[in-house]
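Biologist: Please show the model, then take me through how its parts pack.

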Amino acid sequence: MNTNLMDSFSFILPTRIEYGIGSVAGLAQELREMNVTRPLIVTDPGIVKSGLLGKITALLEQEGFTYVVFDAVEPNPKDYNAENAAKAAAEGKTDGIIAVGGGSPIDAAKCASALISYGGSVKDYMGKNKVPGPVQPFIVIPTTAGTGSEVTFSSVITDSEKSFKMSMRSVHIAPKVALLDPQLTVTLPPGITASTGIDALTHAIEAYSATVSEPVADACALYAIELIAGSIREAYFNGTDIKARSAMLMGSMLAGIAFSHSDVASVHCMAEALGGIYDAPHGVCNSIILPHVMEYSLDHAAARYARVARAMGSMERDERKAAEEAVGMVKQMVADLKLPSLKQIGVKEADFEKLAEMSEANLSTGSNPRPMGKAEYLEVFKKAF
Ligand SMILES: [Fe+2]
């Protein structure tokens, strides 16, 4: 076993986690404790259509709160989504923020929280530590088990002019409270259950094998892998299985803690490039790329991948064989969940050069256990195609 126990590290989690079936019922009390009287709710059209938003607003109305809804967040959230949410907050004179949904509304709300609290434009806050101080009271209610964004300090926003994913990292945009209620995830359709679930698995595997891994993140990552590998098929084939849904929500949250204290790596570099150009679902991109990057990185991450395999249930004692088994298990999982291919999501070979360049430019490229430059990214894109 290779360890990083001798390394020094610092660990902060600014978000209080309220996890459990029915935990969303505590929303009004949380708002009162933060002195919020009129929150802005940031969400997307899917959440409105599913009836989940209605459940949240009913809770607020019962307790006498007024609120403003901004429900126009798009998948792979765009800079103008965050700017329009901030406009809605200013016009509606709101005094707090609630994000309801998957990673897109949560990331848009994180970005909007800086604009609401300090003004300016999205680009002013991109990069590391550009938010000057605390933002308005901020609560998140995730409705997918994937992004982990409810506990991370970052927001990924698409530059709509350049079709490029930018990232904003600041401890100030971490939500104050995350209400994690597995009951809210039971209506998630199988395809989204699969893609968001693989996103969470990718967070955990990349965090655990990253060059910058640290011990608390490692602990969270390994348990996340065990929970996700042990429940993703149940959640996919039998969505109302609340035990599987609970394990997935716990797993995705732990994976979020893991990668925000370690990092993601080349799978995300490639998936974010694909998301930027094709507006393709983030989890689907990860599911296509993950086995190929693991195969490429195997020689440099065998000890770590062997533990990934064990967390996924392997009994193999030989390190090399177990590491290979981890790759095989991930491949099998992606196949079982019937996720689409690169061709099916409209990716064109002619774009590989540009995609490889964008992957190389990603902030997380240096965290991959085996170094990757443009040429290596190009090779992996070709293999995955
Ligand atoms: Fe991700």
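**Helix pairs and domains**

Biologist: At what angle do helix H9 and helix H10 pack?

Modeller: This is a predicted model, in which local features need pLDDT of at least 70 and side-chain atom pairs count only at pLDDT 80 or more, while totals for chains, interfaces and linings use all residues. Residues are numbered from 1 along each chain as its sequence is written. Helices (H or I, at least four residues) and strands (E, at least two) are DSSP runs numbered from the N terminus, and axes are lines fitted to C-alpha atoms, for helices over the stretch in contact, with angles running from 0 to 180 degrees between N-to-C directions. The axes of H9 (residues 266–278) and H10 (residues 282–297) are 8 Å apart, and the packing angle is about 140°.

Biologist: Which class does that make H9 relative to H10?

Modeller: Angles under 35 degrees count as roughly parallel, over 145 as roughly antiparallel, 65 to 115 as roughly perpendicular and the rest as oblique. Because of its angle, H9 is to H10 oblique.

Biologist: How many nonpolar residues are in the contact of H9 with H10?

Modeller: Two residues are in contact if their C-beta atoms, placed from the backbone, lie within 7 Å. Among the residues that meet are Val267, Met270 and Leu274 in H9, and Ile289, Leu290 and Val293 in H10. Ala, Val, Leu, Ile, Met, Phe, Trp, Tyr, Cys and Pro count as nonpolar, Asp, Glu, Lys and Arg as charged, and the others, Gly among them, as polar. The contact has no charged residues, four polar ones, and a nonpolar count of eight.

Biologist: How are H7 and H8 oriented to each other, roughly parallel or roughly antiparallel?

Modeller: Helix H7 (residues 215–237) and helix H8 (residues 242–261) have axes 7 Å apart and an angle of about 150°. The two are therefore roughly antiparallel.

Biologist: How many charged residues does the contact of H7 with H8 have?

Modeller: By class, this contact of H7 with H8 has 18 nonpolar and four polar residues. Its charged residues number two.

Biologist: Which elements give two or more residues to the side of domain 1 that touches domain 2?

Modeller: The chain is divided into domain 1 (16–184) and domain 2 (190–384), with bounds from an automatic or database domain assignment. Their C-alpha centres lie 25 Å apart. Across the boundary, 26 residues of domain 1 are in contact with 30 of domain 2. The elements are strand S1 (16–19), strand S7 (154–159) and strand S8 (164–169).

Biologist: How many strands does the chain have?

Modeller: The chain has 14 helices. Its strands number nine.
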